[in-house]
Amino acid sequence: AATLAIDIGGTKTLAALVRGTQILAEATILTSREAGPDAWLAAMAEQTSSWKGQYEQVGIAATGLIREGCWSALNPATLAIPDDYPLVAQASKLFGKPAFAVNDAQAAAWGEYRFGAGNNEDTVFLTISTGIGGGVVVNGRPLLGLAGHFGLLRAPTDGQSPLEDVVSGRWMAAKATASGHPIEAPEIFEQARRGETWAQAIIARSAARVALLCRDIQMMFAPKRIVMGGGIGLAPGYLEAVRAQLTELPHHLAPHLVAASLGPRAGIIGASDLAGRHR
Ligand code: BMX
């Protein structure tokens, strides 16, 4: 039995037919950010229409807060979602199958815990992407709802802004533009690889803040591993830049940082497995 798994991120949506950790079919849809949930779901239904009849449930990993099946934005800058959009009801109606929804980073945390780098041990997942997402799995249980939303922490910025607004891909692009290079995060990494110091400085600044976040996560959850994901988190050199900031920590305080072994598929694999457990 397969699951139609959908990972709705701030920049793009990944849809797949998933059975266990097997990806039977896959499609990427760009999130037209101002279109809204009805349009995003309609685009996914259209893009996956040929899979009809091949899945028995729908598992959704979505950026934002999922509470009793309803979807809201915590940071509209990451994706503007109307408050309490009835995501599960709308998805089950549209796809004609029972649906389950969970936050994208919480889904990825479960995927990596069960089938990836988390190795079935206490895991915190951290995605550095359009925002910063977090998921926590302790004693074999995933924390759901609001828990793990590290991107919305304000203590690290003295209350000036959510942490993700000075770390994520959006911040990096804004910094590049402000320094005369109107480019998006992926190209910033490209320029850094070419030795451009302004690009290297933006990446180093973001990584230094993420390193401090990882230290704090270690103090709060003492996970076996912090599994890093996301377009920025998995960009070449980023994880190493974060690790470099943690080397002088005493061993018992140091987070053990590893790359998501399921990569961009952690969310759909985690959402698919969680959907199967919540039937
Ligand atoms: C934001 C928040 C989180 C999400 C994180 C990463 C919104 C819309 N999203 O902190 O729920 O997990 O961004 O989102 O408030 P991504 O789109 O970068 O994966």
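I count rings of Phe, Tyr and Trp (its six-membered ring) as a pair if their centres lie within 6.5 Å; planes under 30 degrees apart count as stacked, over 60 as edge-to-face and the rest as tilted. By that rule, ring pairs link Trp40, Trp71 and Tyr85 into a cluster.

**Ground rules.** The model is predicted, so I note that local features need pLDDT of at least 70, side-chain atom pairs count only at pLDDT 80 or more, and totals for chains, interfaces and linings use all residues. Residues are numbered from 1 along each chain as its sequence is written, and side-chain values use heavy atoms, with hydrogens and water left out.

**Whole protein.** I looked up the secondary structure and found eight helices and twelve strands. Helices (H or I, at least four residues) and strands (E, at least two) are DSSP runs, numbered from the N terminus. The radius of gyration is 18 Å, close to the 19 Å that the globule rule gives for 279 residues, so the protein is as compact as a globular protein of that length. That radius is taken over C-alpha atoms, and the globule rule is 2.2 Å times the number of residues to the power 0.38. Along the principal axes, the C-alpha atoms fill a box of roughly 50 × 45 × 35 Å. Of the 279 residues, 53% are buried (under 20% relative accessible area, with exposed over 50% and partly exposed in between; 1.4 Å probe, protein chains only).

**A sheet.** I followed five strands that form an open sheet in the order S10-S9-S8-S11-S12, with mixed pairing. Strand S10 (141-142) and strand S12 (257-259) stand at the edges with a single partner strand each, so one side of each has no neighbour in the sheet. Two strands pair if DSSP finds at least two bridges between them. Strand S9 (residues 132-138) pairs with S10 in the antiparallel sense over two bridges. Valine 137 has proline 142, in S10, as its bridge partner.

**Helices on the sheet.** Helix H3 (residues 104-115) lies across strand S8 (123-128), S9, S10 and strand S11 (225-229), at about 45 degrees to S9. Helix H6 (residues 197-221) lies across S8, S9, S11 and S12, at about 160 degrees to S8. Axes are lines fitted to C-alpha atoms, for helices over the stretch in contact, and angles run from 0 to 180 degrees between N-to-C directions.

**Aromatic pairs.** I found five aromatic pairs in the structure. The rings of tryptophan 110 and tyrosine 113 have centres 5.2 Å apart and planes at 35 degrees, so this pair is tilted. Both residues belong to helix H3, three residues apart, which is about one helical turn. Tryptophan 110 is buried at 4% relative accessibility, and tyrosine 113 is buried at 9%. For phenylalanine 189 and tyrosine 238, the ring centres are 6.2 Å apart and the planes at 65 degrees, so the pair is edge-to-face. This pair links distant parts of the chain, since phenylalanine 189 is in helix H5 and tyrosine 238 is in helix H7 (residues 238-244), 49 residues apart. Phenylalanine 189 is buried at 6% relative accessibility, and tyrosine 238 is buried at 0%.

**Isoleucine 183.** I placed isoleucine 183 in the loop between helix H4 (169-178) and helix H5 (185-193). Leaving aside neighbours within four places in sequence, isoleucine 183 is in contact with Ala173, Ala176, Thr177, Ile188, Gln191 and Trp198 (heavy atoms within 4.5 Å).
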